[in-house]
Amino acid sequence: MGYRIGVILGDGIGPEIVREARKALDAVCAKYGHHFEYEELLLGGASIDVHGVPLTEETVAAAKGCDAVLMGSIGGDAKTSPWYQLPPERRPEAGLLGIRKALNLFANLRPAYLYDELRAACPLRDDISAAGFDMLIMRELTGGLYFGARKTEEVDGVCVATDTLSYSETEIRRIAKRAFDIAMKRRKKVCSVDKANVLDSSRLWRQVVEEVAKDYPEVALSHMYVDNCAMQLVMNPAQFDVILTENMFGDILSDEASMVTGSIGMLSSASLNETKFGLYEPSHGSAPDIAGQDKANPIATILSAAMLLRYSLDLDEEANALEAAVRQILKEGYRTGDIMSEGCTQVGTREMGDLIAARIME
């Protein structure tokens, strides 16, 4: 089968980790007889350097012509990069928000799974990590505080900043349906996270989620306040299957979940619209301090490529093979520096990618 894959190399370590994910995808093609045509697209700082803006109409149009998009990390050092001397709407991260909105990527999936081989890297107590965990955070991605109206103004001689958090019933319903659909393929549990004791938007969120739940009688629905969820993620992460939440809460909770896996370098993500199209990226940042040093962990990006195979191309067998290759390499004791532990073999970005690609081909 032939597919067209958009590739956004990104900034910082982005080009390095995307290169290794492409090795894995190329190995999948070689083993299973597929053909991927890659089209490189500019976004973020790389786009600013060429076009003066973080996202162009050309990039959006090209992305729409692809079956899926694989992306590296966006952004740079806020203290030293000239990108951050620009107005907020022209900085790298504005391009990321813009492409999510332009492609209607409202559903963000962030799995957090504790590999047996990485329990030593898990910062939780041994009795907690021994139980393991396998959760998926379903984050609404195009609404809420990040996309609401905002302004900074002077009121009675005092500078006042305002950010608006709003959600419509439609926005909540469509992300809730995605969460329940995925829960049906997992352990059939959804924990909806909100702040309904304080926020009107959360009260509407809870109401709509409960309405959606009626169509999924096999799925057990629970509710949890976001502050309690943050605590539960470090006290008892094994209790969670699918966590459903709004944009800002999901941003924070998914980063917390990534760190209890041992490293944010292990956390993949998918951002989907109402079709099978998706944008796939690691959840970590661009790490400009280690860019070009062959130190970055490419596994999150490689696992994002596996999600691309599964969710956009319906290539489940191929996705399973890629994920199995990652597990095998970890079992064999290979580690990048961020997940290194005693008795293991430390490798760089390139070698980790080579090892995983080789295991796919076996």
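**Figure 1. Overall dimensions of the predicted protein chain.** With 362 residues, a compact globule would have a radius of gyration near 21 Å, and the 20 Å of the protein chain in this predicted model agrees with that. The radius is taken over C-alpha atoms, and the globule rule is 2.2 Å times the number of residues to the power 0.38. Along the principal axes, the C-alpha trace spans about 65 × 50 × 40 Å. The chain holds 12 helices and 14 strands; these are DSSP runs numbered from the N terminus, with helices (H or I) of at least four residues and strands (E) of at least two. Residues are numbered from 1 along each chain as its sequence is written, and side-chain values use heavy atoms, leaving out hydrogens and water. Because the model is predicted, local features need pLDDT of at least 70 and side-chain atom pairs count only at pLDDT 80 or more, while totals for chains, interfaces and linings use all residues.

Figure 2. Of the 362 residues, 52% count as buried, where buried means under 20% relative accessible area, exposed over 50%, and partly exposed in between (1.4 Å probe, protein chains only). The chain exposes about 15400 Å², with carbon and sulfur atoms supplying 50% of it; areas come from the Shrake-Rupley method with a 1.4 Å probe. Among contacts with a separation of 6 or more, 74% join residues 24 or more positions apart, a contact being heavy atoms within 4.5 Å.

**Figure 3. Met138 and the nonpolar cores.** Here we step inside. In the largest nonpolar core, with 66 residues, Met138 and Leu322 touch the most other members. Helix H10 (residues 299-312) gives the most to this core, with 8 residues. Such a core is a set of buried Ala, Val, Leu, Ile, Met, Phe, Trp, Tyr and Cys residues joined through side-chain atoms within 4.5 Å. Not counting residues up to four places away in sequence, the contacts of Met138 include Leu109, Ile175, Ile182, Val242 and Leu244. A second, separate core of 21 residues includes Leu114, Ile128, Phe240 and Ile243.

**Figure 4. Ser269 in strand S11.** Ser269 is found in strand S11 (residues 268-272) and is buried, with a relative accessible area of 0%. Asn108 is 161 residues away from Ser269 in sequence, yet their C-alpha atoms are 6.9 Å apart. Leaving aside residues up to four places away in sequence, Ser269 touches Asn108, Leu109 and Arg110, and also residues including Tyr280, Glu281, Ser304 and Met307.

**Figure 5. Two loop residues with positive phi.** Most residues other than glycine have a negative phi. Take a look at Asn104, with a phi near 55°, in the loop between helix H4 (92-102) and strand S4 (107-113). Asn104 is partly exposed, at 28% relative accessible area. Ala287 has a phi near 40° and is found in the loop between strand S12 (278-282) and H10. Ala287 is partly exposed too, with a relative accessible area of 24%.

**Figure 6. Leu330 in helix H11.** Our last stop is Leu330, located in helix H11 (residues 316-331) and buried at 1% relative accessibility. Beyond residues up to four places away in sequence, Leu330 touches Tyr115, Glu117, Leu118, Met266, Ile299, Arg335 and Ile339. Pro88 is 242 residues from Leu330 along the chain, and 40 Å separates their C-alpha atoms.
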